[in-house]
Each structure stands twice: as structure tokens, then as C-alpha cells.
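Subject: Structure handover

Hello,

Here is the structure I said I would pass on. My notes on it follow below.

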Amino acid sequence: MAVIAVWSIKGGVGKTTLAVDIAWRSAVRSHHKTLLWDLDPQAGCSWMLGLDCKRPPRVTSLFHRDAQATDLVLETRWPDLKLLPADDSLRSLSIALARIGHRRRLSQLTKRLNGQFTRIILDCPPVMNEISDQVIGAADLLIVPLPPSPLSMRALDAIRQELVRNHSRHPPILPVLSMYDGRRRLHREVHQGIAAGWPVIPMASAIEQAAVRRQPLGAFADWSDSSAPLQRLWDGIEAKLRLRETTPP
Ligand SMILES: Nc1ncnc2c1ncn2[C@@H]1O[C@H](COP(=O)(O)OP(=O)(O)OP(=O)(O)O)[C@@H](O)[C@H]1O
Ligand SMILES: [Mg+2]
């Protein structure tokens, strides 16, 4: 079992779009029992998968000792893809975590799901606080989407510094150049410079349409030019995880 977190301290960089897409590819293309766990109270994952879940807000109760994550998991229209949806209780998650004071609670919860799922994808809010501490503690791989801009690169520096300073054993980071537009000079410069060798996800209306259609791109327009880079990204992630799973610690 592997936990993949899609996280950045910057908002609106394509985290939810990527998290939903790779979760779908994990389940549908790689046939993994996959859980997409939405940690952001904006609840974008439910929206993107076409689900409307109206129920009492209680996801944060999972972080106290009494609740079982499996009780809150929802089916999606793809049998191998399940969703642990966000709700409004997550607005107070960082306060609850500070009070609980247990830095590896999310890690414990994901480990308990081993056996039911082989891939868990975390869609994270754009924060650096108790929630990201938990995410870093739970993840086997951190995917960090970065649009080509100086502010994104500053965010990556801040993330690297945070990992070095406060997380002596942290998972590897996979930076992804997101929302790339090859017509723009700045984008090309970043792509050929600091981001050389990173996976690239183009700025594309087909990818944007996933939020309108409320389905992952591969489910409604797999033929589109934008699906191939997303599949390459997933294949690269899988290759990294398989290497880790077959390499003795
Ligand atoms: N590669 C892309 N091409 C075009 N539009 C994109 C792309 N990736 C994401 N978008 C659009 O950008 C907007 C922000 O994307 P998304 O919600 O995935 O970002 P986010 O990082 O999760 O945001 P937040 O920090 O608010 O959670 C959405 O409207 C989405 O459809
Ligand atoms: Mg999001």
C-alpha cells in the first residue's frame, strides 16, 4: 500500500484536478483498490467525481480515537475508486490536531486501511500547519504541482526548507510543472531551466473541462492531447512506488 499526497502551500495550482485524475488512473488503468481522501473543506473531490454528499459533518472525528475511516467511505461510479469526502468539520481540523497533539495520527489511519486499498491519494488544502505535518508523516510520495512562476518556485523553496527543518524523515518530493503554456516565454524559460526534467501538465481547456463535466479527463476525453501527459505522470508515479515496494528498506 502506498500513500500519495498532492500538496502545495499555494492555492489554485491544480492540486485537486491532479489528485482526482491520478486516483482515477490508479483505479481504472492500474486496477488498484484506490481511496481518494479529500482533506480540504472546499470538498472539490466530491464535486469532480459527480457526487453530492449531504450528511452531518464528522470527518474530523476520525482524528479522535473512536471513529473508523471505512464508515465514511463512499462508492464512486468506478468500482475500484472510493472516496473519503471532505465536509465542513475539516475547517477545524488544524485546531483539533493541535489539541490532540499526535503528529502521526493520519499515518496511523492510512496504515489501518492497508489491506482494503493499495493506493491512497490525499488531496490537501494549501496550508503549512498541523494538517501538512500529518500529511508529510503519512505520505510515501509528495506530488507538488507548480505553475511556472517565480511565486511557485518560492513556494517550492519554502516546502523544501520546511521538510529539512521540521521533518527529518520525509517522503520524496515530485515537483510537477502544472498549467504549462508553451506559448509564453516565462513558461518556456522555467521549463528549460529550474524545471528541466519535471513532469509537465499543460494548461488545457480539456483538463479544465473535468470540473465542468464532473468526471476525470480520461473518462470523457481520453483521446485528447492532454490525457497523455496525465497518463505519463501516473506511470512515472507508479514506477517510483513499485521501485520502493520492491527495494528492501
Ligand atoms: N492543467 C490545467 N489546465 C487548465 N485548467 C486547469 C488545469 N489544472 C487545473 N485547472 C483549473 O484551475 C482551477 C484550479 O484548479 P484546482 O482546483 O485543481 O486547484 P487547487 O490547487 O486544488 O486549488 P485549491 O488550492 O483552491 O484547492 C480549476 O478551475 C481547474 O479546473
Ligand atoms: Mg484543491
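Before the notes, one convention: an angle between two elements is taken between their N-to-C directions and runs from 0 to 180 degrees, with axes being lines fitted to C-alpha atoms. Please also keep in mind that this is a predicted model.

**Overall form**

The chain holds 10 helices and eight strands. Its radius of gyration is 17 Å, close to the 18 Å that the globule rule gives for 249 residues, so the chain is as compact as a globular protein of that length. Along its principal axes, the C-alpha trace spans about 55 × 40 × 40 Å. Of the 249 residues, 42% are buried. Taking the contacts between residues at least 6 apart in sequence, 76% join residues at least 24 apart.

**The sheet**

In what order do the strands of the open sheet lie? The order is β3-β4-β2-β5-β1-β6-β7-β8, and the pairing is mixed. At the edges are β3 (74–75) and β8 (200–202), each of which pairs on one side only. As background, strands of a sheet pair through backbone hydrogen bonds, either parallel or antiparallel.

Start with strand β2 (residues 34–38). Five of its five residues are buried, so β2 is largely enclosed by the rest of the structure. In a regular strand the side chains alternate between the two faces of the sheet. In β2, T34, L36 and D38 point one way, while L35 and W37 point the other way. Strand β2 has these partners:

- β4 (residues 81–84) runs parallel to β2 and is joined to it by four bridges. Here W37 stands opposite L84, and L36 stands opposite L83.
- β5 also runs parallel to β2, with five bridges between them. L35 stands opposite I120 of β5.

Within β4, L81 and L83 point one way and K82 and L84 the other, and all are buried. So a lysine, K82, is among the buried residues of this strand. Strand β3 runs antiparallel to β4, with two bridges joining them. A hairpin of five residues connects β3 to β4, and L74 stands opposite L83 in β4.

Further along the sheet, strand β1 (residues 2–6) pairs with β5 (residues 119–123) in the parallel sense over five bridges. In this pair, A2 stands opposite R119.

**A helix on the sheet**

Which strands does helix α6 lie across? Helix α6 (residues 150–166) lies across β6 (141–146) and β7 (173–180). The angle between α6 and β6 is about 160°.

**The ligand**

Ligand 1 is surrounded by 19 residues, of which the closest are G11, G14, K15, T16 and T17. Three elements, α1 (15–29), β7 and α8 (205–213), each supply at least two residues of this shell. By class, the shell has eight nonpolar, eight polar and three charged residues.

**Three single residues**

V135 has its place in helix α5 (residues 130–138). Is V135 buried or exposed? It has 22 C-beta neighbours inside 10 Å, and the cut-off for a buried residue is 20 or more, so V135 counts as buried. Leaving aside its neighbours within four places in sequence, V135 is in contact with A5, W7, L106, L122 and C124. V135 and R103 are 32 residues apart in sequence, and their C-alpha atoms are 9.4 Å apart in space.

The other two residues are picked out by their backbone angles. Most residues other than glycine have a negative phi. M179, in strand β7, has a phi near 55°, which is positive although the residue is not glycine. With 22 C-beta neighbours inside 10 Å, M179 counts as buried.

R214 has a positive phi too, near 60°, and is again a residue other than glycine. R214 lies in the loop between α8 and α9 (217–221). How exposed is R214? It has 17 other C-beta atoms within 10 Å, so R214 is partly exposed.

Those are the notes for the handover.

Regards

Note on methods. Residues numbered from 1 in each chain as written. Chains lettered and ligands numbered in written order. Predicted model: local features only at pLDDT ≥ 70, side-chain atom pairs only at ≥ 80, totals over all residues. Rg over C-alpha atoms; globule rule 2.2 N^0.38 Å. Buried ≥ 20, exposed ≤ 12 C-beta atoms within 10 Å, placed from the backbone. Contact = placed C-beta atoms within 7 Å. Pairing = 2+ DSSP bridges. Near = placed C-beta within 6 Å. Nonpolar A, V, L, I, M, F, W, Y, C, P; charged D, E, K, R; others polar.
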